[in-house]
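Open your viewer and get ready for a short walk through one protein. We will begin with the whole chain and then pick out a few residues.

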Amino acid sequence: MKYSIFFSAALMALALSACDRPTVVTPATVVNVPVPGPAGPTGASGATGSTGNTGATGYTGATGSTGDTGASGKSGNSTTVIVAPAVPEK
């Protein structure tokens, strides 16, 4: 009986200590988020580009042909038509 009480007490101590496990707390992970700062100064202007080459001059066109000579006019019939000037209205 001596041993049974001692054995029971040891068994209860082991059983109770096995149930009470301390919780392991892991530290929170720190995330560094970059924060944009103020805008920097404006950069210098770029250099001006070079000028392009001048184009070639075109060829002179050919001279056109001479037109036909007009027909001779017909002779009149000796009748003279006189047109009186218009009289202005009053």
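**The whole chain**

Show everything as a cartoon: the protein has one helix and zero strands. Here helices (H or I, at least four residues) and strands (E, at least two) are DSSP runs, numbered from the N terminus. The radius of gyration is 61 Å, well over the 12 Å that the globule rule gives for 90 residues, so the protein is more spread out than a compact globule. That radius is taken over C-alpha atoms, and the rule is 2.2 Å times the number of residues to the power 0.38.

This is a predicted model, in which local features need pLDDT of at least 70 and side-chain atom pairs count only at pLDDT 80 or more, while totals for chains, interfaces and linings use all residues. Residues are numbered from 1 along each chain as its sequence is written, and side-chain values use heavy atoms, leaving out hydrogens and water.

**Stop one: Ala 13**

Select Ala 13, which is found in helix α1.

**Stop two: Thr 29**

Next, select Thr 29, in the segment after α1 (2-19). Thr 29 is exposed, at 72% relative accessible area.

Technical notes. Buried means under 20% relative accessible area, exposed over 50%, partly exposed in between (1.4 Å probe, protein chains only).
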